[in-house]
Every structure is written in structure tokens, then in C-alpha cells.
Amino acid sequence: PNARTIATTGTHAQPLDQAYVDQVAGRLAVHLGPIAAIVAKKAARTATTRRDFVLNVADSLGTQERAAFLREIGFGGG
């Protein structure tokens, strides 16, 4: 399934907070290196929920990296 069809229940629908942005940026750094913090900050500007934020951040990755990243964050493999 497409990652954008993932359910919006549970922790994924929680409001976005800075601690979560930092946590995701840390995971993203494995794939993007130091630019991850910039990508996360930009994505956080427009996202209102954790789900929106993670999907926005994941859009910066290639297909295989995106799937791995989403699994690491707990969003399945979309």
C-alpha cells in the first residue's frame, strides 16, 4: 500500500512536537547525512501531525531508502 494511505489513528495522528522532529531527523540522518536536520525543519513547517511530517520527510528519499526509513519510524514499508 501507498504510505499516504496508512491509517491516521494512534501515535501517527498526534500533533507534531519538536522532540519528535528531532527524533525523526536523527533517523533520517542515517540516509541523508547532515542535511537531514534541514529537511526535517522544512517538513515540520507545513505538517500538523506526525503522519504528515514523516511522509513529507520521506518524500526526500529514494524508493528503497523511503521504505526502510518508514519501517524504522514505525510506518510500515510504504
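Predicted model: local features only at pLDDT ≥ 70, side-chain atom pairs only at ≥ 80, totals over all residues.
User: What makes up the secondary structure of the chain, and in what order do its elements run from the N terminus?

Analyst: The chain has four helices and zero strands. From the N terminus on, the order is α-α-α-α.

User: Why is Ile 35 called partly exposed?

Analyst: The relative accessibility of Ile 35 is 46%. Buried requires under 20% and exposed requires over 50%, with partly exposed in between. The value for Ile 35 therefore places this residue in the partly exposed class.

User: Where does Ile 35 lie?

Analyst: Ile 35 is in the loop that joins helix 1 (18-32) to helix 2 (36-46). Its C-alpha is 9.2 Å from that of Ala 25, a residue ten positions away in sequence.

User: Which residues of helix 2 are buried, and why are they said to line one face?

Analyst: Ala 36, Val 39, Ala 40 and Ala 43 of helix 2 are buried. Viewed down the helix axis, these buried residues fall within an arc of 95°, so they line one face of helix 2.

User: What covers that buried side, and which exposed residues does the face turned away from it carry?

Analyst: The cover over the buried residues of helix 2 includes helix 1 and helix 3 (50-58). On the face turned away, the exposed residues are Ile 38, Lys 41, Lys 42 and Arg 45.

User: What percentage of the residues of the chain count as buried?

Analyst: Of its 78 residues, 36% count as buried, that is, they have under 20% relative accessible area.

Terms used: Residues numbered from 1 in each chain as written. Heavy atoms only, no water. Helix = DSSP H or I, 4+ residues; strand = E, 2+ residues; numbered from the N terminus. Buried < 20%, exposed > 50% of the residue type's maximum accessible area, 1.4 Å probe, protein only. Arc of directions from axis to C-beta. Contact = heavy atoms within 4.5 Å.
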